[in-house]
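Please keep the sequence and the three-dimensional view at hand while reading.

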Amino acid sequence: MVSVVGFLFATQARMPDHLRFAFRILTLVFDAWPYATTGKPFHRLDLPRRIDQVERWKRSRLAFRQGLIAFYRSFVIFGLYSELSKQDADRGMRAKQD
Amino acid sequence: MVAEVAVIGSGPGGAVTAMLCAEAGKSVLLVEEGQNLPLHWPEHFSRDEILHKYRNAGVNVALGSTQIAYVEGCCVGGGSEVNRGLYYRTPSYVLDAWRKDFDVRYLSSDELMPHFTECEAIARVEYLPCEASAISKRLYEGAMNLGWHAIEAPRLYSYGGRGGSKQSMSETFVPRFLKAGGRLIADTAVRRLSRQEGKWRLDAIHTPTHGPSQTVEISADKVFVACGAVQTPALLRRSGLRKNIGNSLRFHPMLKVVAEFDYEVNDPGDFDPVHQIKEFEPHFGMGCSISKQPMLALTMAGRPDCLAYVEHRWRRMGIYYVQTTGGCATIRNLPFFRDPLVRVRHSEWDLHHYAEGLKRLSEALLAAGAIAIYPAAPEYPVLRSMADLRKLPENLPNGSGNLTSVHVFSSCPMGENEVLCATDSFGRVREADGLYIADASLLCGPTIVNPQGTVMAVAHRNATHAIENRFA
Ligand SMILES: Cc1cc2nc3c(=O)[nH]c(=O)nc-3n(C[C@H](O)[C@H](O)[C@H](O)COP(=O)(O)OP(=O)(O)OC[C@H]3O[C@@H](n4cnc5c(N)ncnc54)[C@H](O)[C@@H]3O)c2cc1C
């Protein structure tokens, strides 16, 4: 079984190569974005600041910013809930067979 | 490697074609880019399935002002391994239009019927032997309350035995192909076709899960390309064949909603939902989706404030869709990139039908007793009453996200109309000796109903024709 982060990396590695190229660049831009104001990249920010940046990009009027967040959000959510659902399905099947 | 016939792609089109050629006594090589995995592993609709059986981990987008995210299978059996197998024969009005507009010869319902029945004898089609799930019945009851036409769809599924078994290609046509002496080579992507000394040469890359990639050369007298409606034109265009190839990709784009009821409808042990509303076809149809927690969460992903709600209330929720025929796309290869670029355009008519379909679907769900409807398109509000529906826009706003499609076709239509068609009426590529197309690319337009039955029957018809005519 792969972790959610592993799932994200695996998804990114398999996406169409022209999209992957664009996403890699966008992800680097996203990470470097707070540098000018805080002197730190995104992955070094504390949690409230990270949430703040995600919210700003999500609400941005620039489609590429929204698109990046929507992509990560969808795959993180799917990855997380996949495991929950498996447990529920197993319980459901067992209950039906009892 | 040498064969009389090479079939590229083992989805419904390729598997049916390969089996018929092998049973006709030809030496056949079936080449598949994806892995050869058991039907039941990875678990259906799991993230491992997405990684192992879907092309590009399910991340494919037709780019445009209104985009369509689409998915395709990539494993032995192609889309049939990951789909729900909802099954239909092609409506006769669809075939009539194809004959009229594309001049496809010998394609009436009567002429296609023997091919449907022969495919159905190998991949069984059955109705649910028990009551449908509550999610499914809600849609049907909503339609009945409004006096709309709705039905229960059969599936490519054998319900006998514990849990039953999906009638995917890896369970049906591929085993028969192997029994007839056919050879299957998985993990092998054909990159280019060329003609050399009267034979076809296929340049491929074999990439086993463990171990380094290696190049493979295949030589064959006849080649059937069945890579699916996006990869077939990409491969042909890479090989220098372009006439009417990759100019007319069509979809069945879906808009999804989550409907919430005030009682439990979602039981994880239920069979997949099967009811569909037919009242508005051919403009749009409606149905129920798999509503497991990850799918619910994904459909609600544009409304993050609702996610906690899903976690507590998901047993009262189901996912429903309206499916139209909007969008027409081109497929083009880009220099230095492997994957093709797909670009889609929509007309005002398309945008109107998306919006109208969403309203009608919501109407059916309210009539079924839904207390809230959450459209996947985040720019739409939560809908709780008919008054809310009346306030919705006439057209889907341009640039609206969340159109998805699991059906792609028509990128290389068949027929005698040389202005529109890539092949003759039986899938033979014009001006290329011994080269055929054998998959969903050939369909002249949307099937309106679920397409796999049509893909199989058309492949069966065309392969039978080629064999009977000794590939002349
Ligand atoms: C999630 C999902 C749900 C669906 N639900 C339904 C449903 O309920 N009912 C229904 O009727 N239809 C359904 N469909 C659609 C149906 O599965 C397709 O119409 C059908 O699979 C198309 O068959 P095909 O042979 O054209 O192509 P595919 O099934 O796409 O097969 C093409 C194969 O070719 C391989 N390939 C591609 N390029 C190369 C290459 N260069 N070299 C070697 N191999 C290559 C691919 O890996 C793939 O395995 C669904 C599809 C999906 C993805």
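The structure is a predicted model. Over all chains there are 22 aromatic pairs and 0 disulfides.

**Aromatic pairs in chain A**

- Among the 22 aromatic pairs counted over all chains is that of Trp33(A) and Trp57(A), whose ring centres are 5.4 Å apart. The planes of these two rings stand at 85°, so the pair is edge-to-face; the cut-off for that class is over 60 degrees.
- Trp33(A) belongs to the loop between α2 (17-32) and α3 (35-38) of chain A, while Trp57(A) belongs to helix α4 (residues 47-59) of chain A. The pair therefore ties together parts that are 24 residues apart in sequence.
- Trp33(A) is partly exposed, at 41% relative accessibility, whereas Trp57(A) has a relative accessible area of 1% and is buried.
- A further edge-to-face pair is made by Phe71(A) and Tyr72(A), with 5.3 Å from centre to centre and 75° between the planes. Phe71(A) has a relative accessible area of 8%, so this residue counts as buried, the limit being under 20%.
- Phe71(A) and Tyr72(A) also belong to one aromatic cluster, together with Phe7(A), Phe23(A), Phe75(A) and Phe78(A).

**Arginines over rings in chain A**

- Arg65(A) lies over the face of Trp57(A), and its distance from the ring centre is 4.9 Å. Trp57(A) is thus both a partner of Trp33(A) in an aromatic pair and a ring with an arginine over its face.
- In a second case, Arg50(A) is placed over the face of Phe42(A), at 5.6 Å from the ring centre.

**Strand β1 of chain B and its partners**

- Strand β1 of chain B comprises residues 2-8 and is mostly covered, as 5 of its 7 residues are buried.
- One partner of β1(B) is strand β11 (residues 214-225) of chain B; the two are parallel and share 6 bridges. Within this pairing, Ser219(B) in β11(B) stands opposite Val2(B).
- Another partner of β1(B) is strand β2 (residues 28-31) of chain B, joined in the parallel sense over 4 bridges. Here Val5(B) has Val28(B) in β2(B) as its bridge partner.
- Between β1(B) and β2(B) the chain passes through helix α1 (residues 12-23) of chain B, and this β-α-β crossover is right-handed.

**An antiparallel sheet in chain B**

- An open sheet of 4 strands in chain B has the order β18-β17-β12-β21, with antiparallel pairing.
- Its edge strands are β18 (341-345) and β21 (408-409) of chain B, each of which pairs on one side only.
- Strand β12 (residues 249-251) and strand β17 (residues 328-332) of chain B are paired in the antiparallel sense over 2 bridges. Leu249(B) has Ala329(B) in β17(B) as its bridge partner.

- Cys75(B) is buried, at 1% relative accessibility, and Cys119(B) is buried at 2%.

Definitions and conventions:
Residues numbered from 1 in each chain as written. Chains lettered and ligands numbered in written order. Predicted model: local features only at pLDDT ≥ 70, side-chain atom pairs only at ≥ 80, totals over all residues. Heavy atoms only, no water. Phe/Tyr/Trp six-rings, centres within 6.5 Å; stacked < 30°, edge-to-face > 60°. Buried < 20%, exposed > 50% of the residue type's maximum accessible area, 1.4 Å probe, protein only. Lys NZ or Arg CZ within 6 Å of the ring centre and 35° of its normal. Pairing = 2+ DSSP bridges. Right-handed = clockwise from strand over helix to strand, strands pointing away. Disulfide = S-S within 2.5 Å.
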